[in-house]
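I opened this structure to look up a few strands, a pair of helices and some backbone angles. My notes follow in the order I made them.

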Amino acid sequence: MARIYTHSALTCSANLGFFSSSHLHLRRLIFTRSLAPPYTKTQSSCKAWTRRTVVTMDSSGTDSAKELHVGLDSTTEEEYATQSKLLQEFMSIPTIDKAWIFNSDSGTQAMVAMSQPNLLANKRRKFMLSAHISKEESSNQSVNFHWAPFPVEMTGASAFVPSPSGLKLLVIRNPENESPTKFEIWSLSQLDKEFYIPQKVHGSVYVDGWFEGISWNSDETRVAYVAEEPSRPKPTFDHLGYYKKENSLDKDIGSWKGQGDWEDEWGEAYAGKKQPALFVIDVDSGEVEHIKGVPRSISVGQVVWSPNSNGSAQYLVFAGWLGDKRKLGLKHCYNRPCAIYAIRCTEPKDDANEAFPIHNLTKSISSGFSPRFSKDGKFLLFLSAKAAVDSGAHCSTESLHKISWPSGGKLPESTNIVDVIEVMNCPEDGCFPGLYVTGLLSDPWLSDGHTLILSSYWRSCRVILSLNLISGELSRVSPTDSDYSWSVLALDGDNVVAVSSSPVSVPEIKYGKKVLDPSGKPSWHWSNTQKPIFKCSEKVTSGLSSLQFKILNIPVSNVSECLTEGAKRPFEAIYVSSSKTKENGKCDPLVVVLHGGPHTVAPCSFSKQLAYLSSIGYSLLIVNYRGSLGFGEDALQSLPGKIGSQDVNDVLSAVDHAVEMGLADPCRVTVLGGSHGGFLTTHLIGQAPDKFVAAAARNPVCNIASMVGITDIPDWCFFEAYGDQTHYTEAPSPEDMSLFHQISPISHISKVKTPTLFLLGTMDLRVPISNGFQYVRALKEKGVEVKALVFPSDNHPLDRPQTDYESFLNIAIWFNKYCKL
């Protein structure tokens, strides 16, 4: 529940098919955990969520609060009721997260992992849907997915990982307290094994998508994974305050634990998380081995097994991040140095206490992650963010590399790193713009063993690519004439299972069948599944059917000679609008949507939140300003040192371009952004005070000078301000602080008059809440209409289900108020 601070006296916040025999066991997963007493703690907290706390700030600066139901007058209450019903229907659309394909005697089976917000529990509901894939060997090469009658909720599951054969399923349930972590091994139709791993062995298993690495070995007897190391000992004191020695035999009539030494953490999203460490579990005995030999200065992740051949020693290969000095924020920060390491895994004949040496396989390069072995085990492929590490940008164009893997199992002293795809600086029009992947499938290879399938951003779209490592040929697997975004989910031999969506169409499963032209060149024939994986409500379907989108090329204004060629080229904006002709010829009000980063990208994919705004009468202009991913390294590196000016001008150019094309009414333009998008939002209402009728900012960067000392990424402040890494220090000078203030939105506060809504998370370590509060109070001081929603348990993304829902409900009503909808 959010606390609402407002300037006015009072405001409110106000499947079809069958189960294959190999996956019948999934039915049990829901029933074993679905029974609960009639009145639970969750239900009690759910009732509390139906109320809002409205807090007003009086002239003395003190808060006066009282609880009341949503709605203060009949008009406002009716708008909240109407909008909340439609928003809920959009928010309930499931997300397709992962998929696996298995081939057996009974045919080809698919398992699709999906999730959906559970607003009452304020969590995401995870579930699995199975299908049998039938392939018609006819002229049209049609493929049918016969979906199971119902999905199965994976209640309480933190992660579920099928074995390579598909005959076993590992389910991990992390505890919410000091309880043991639970491992379940399911076979064809039953629960085979159940193990409880106590906290003294390790804490929760990492399932964050960064350190996360859960890997079955080839014979499916062991699983390697990354988990929180056990808590380090803390000093103990008796009832009189005397220190107790660890092995004291004194009678314990009362004691208490001290805090012990403070340990650094990896920032945003990792508060309270302990050091990631490497473990292996035997799935027959449940015995867990903590892999020794990895220094505590290395935080491990993304573990995979080396090939097991000729009886040679088997290694665990993983990515590792050094944290021997300060641990700067890691989430979404690819500029942290990392390497690919290998350590020999113990065998039954080995001494259990023996620690094998750790090998750094990528010493000659500053970044290595997402390791994958080739099918024949002859080489190891990995991604690198060396352009980010070497420049200082928190994300940039990636590269792809490989090293040979010794057949005898003995690792050499040094490795020769071969470049497979290098960083692309200035791509030609219509050509490959560089690699923007961030991760690979667990098995990304076609049946030939040397063709890699991956997803990458290509300007404002996400596409699927194939790379032949022998010929070096790179080609698009997803349709070249599609402006939709495509992501590979799994491979079925030489065929591709993908998800495709656009700003006006919900995600759909697509099947790409490989075909060869007369010259032997491959391409993929794409088809829809026989029935959609989920069905939207009539209101959602109707709303989306009346929408259209296109990608606009925006010329760069005031091109300077000092710019690189890539930085002079047009950037893009995605324009979403109604396809219905207006009787009076007037344009719908426009929402300018700005992504964060700044080095990320807003792709042409489906967003429930933005689709909701489109469906209630808004056009969208989603701007991928210079500095975004997907356009080459030159364009990306043109922004550092110019934030608050170049990016602001790009957004203004995009708005002016839309107005000139007759796509927007200049009198009804609003702006919405989060993080660096919030930085741009608050800059725009200061630098162009007459341009926007309303604004909404989510955890915005408003004052870099006050942020630098308390954020988990102080290096971001220096790099984006100066454009290089040489100025970074933990003790900023007066000159640094002056520049930080100069390039911040707070420096333009005197000109702001746009009514602005702020959405702030109390637990945000990236842009701490004080940054937003300072700007809110400064606007209140000068009489600008402002409203702030504060979410006490949320961090930077503001993505918990209730927070996400309440945020966009209030954004819609705020914009409606000033656009007269």
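This is a predicted model: local features need pLDDT of at least 70, side-chain atom pairs count only at pLDDT 80 or more; totals for chains, interfaces and linings use all residues.

I started with strand S25 and strand S26 (residues 399-404), which pair in the antiparallel sense over six bridges. Strands pair here if DSSP finds at least two bridges between them. Helices (H or I, at least four residues) and strands (E, at least two) are DSSP runs, numbered from the N terminus.

Residues are numbered from 1 along each chain as its sequence is written, and side-chain values use heavy atoms, with hydrogens and water left out.

Next I checked the other partner, strand S24 (residues 369-373), which runs antiparallel to S25 and is joined to it by three bridges. Phe369 has Leu383 in S25 as its bridge partner. The hairpin of S24 and S25 has five residues between the strands, and Gly377 takes a positive phi near 75 degrees there.

Is S25 enclosed or open? Six of the six residues of S25 (residues 379-384) are buried, so the strand is largely enclosed by the rest of the structure. Buried means under 20% relative accessible area, exposed over 50%, and partly exposed in between (1.4 Å probe, protein chains only). Phe379, Leu381 and Leu383 point one way from S25, and Leu380, Phe382 and Ser384 point the other way.

I then turned to strand S9 (residues 159-162). Ala159 and Val161 point one way and Phe160 and Pro162 the other, and all are buried. S9 pairs with strand S10 (residues 169-173) in the antiparallel sense over four bridges, and Pro162 stands opposite Leu169. The two strands form a hairpin with six residues between them, and Gly166 in the turn has a positive phi of about 80 degrees.

The next entry is an open sheet of three strands in the order S28-S29-S30, with antiparallel pairing. Strand S28 (451-458) and strand S30 (474-476) stand at the edges with a single partner strand each, so one side of each is left without a neighbour in the sheet. S28 pairs with strand S29 (residues 461-468) over eight bridges, and Tyr457 stands opposite Arg462 in S29.

In the loop between S28 and S29 I found Arg459. Arg459 has a positive phi of about 55 degrees although it is not a glycine, and it is partly exposed, with a relative accessible area of 24%.

I found another such residue, Gln302, with a positive phi of about 60 degrees although it is not a glycine. Gln302 is in strand S20 (residues 298-305) and is buried, with a relative accessible area of 13%.

Last, I looked at helices. Which residues of helix H3 meet helix H7? Gln83, Leu86, Leu87, Phe90 and Met91 in H3 meet Lys608, Gln609, Ala611, Tyr612 and Ser615 in H7, where contact means heavy atoms within 4.5 Å. The loop between strand S37 (590-594) and H7 holds Pro598, and the peptide bond from Gly597 to Pro598 is cis, with omega near 5 degrees.
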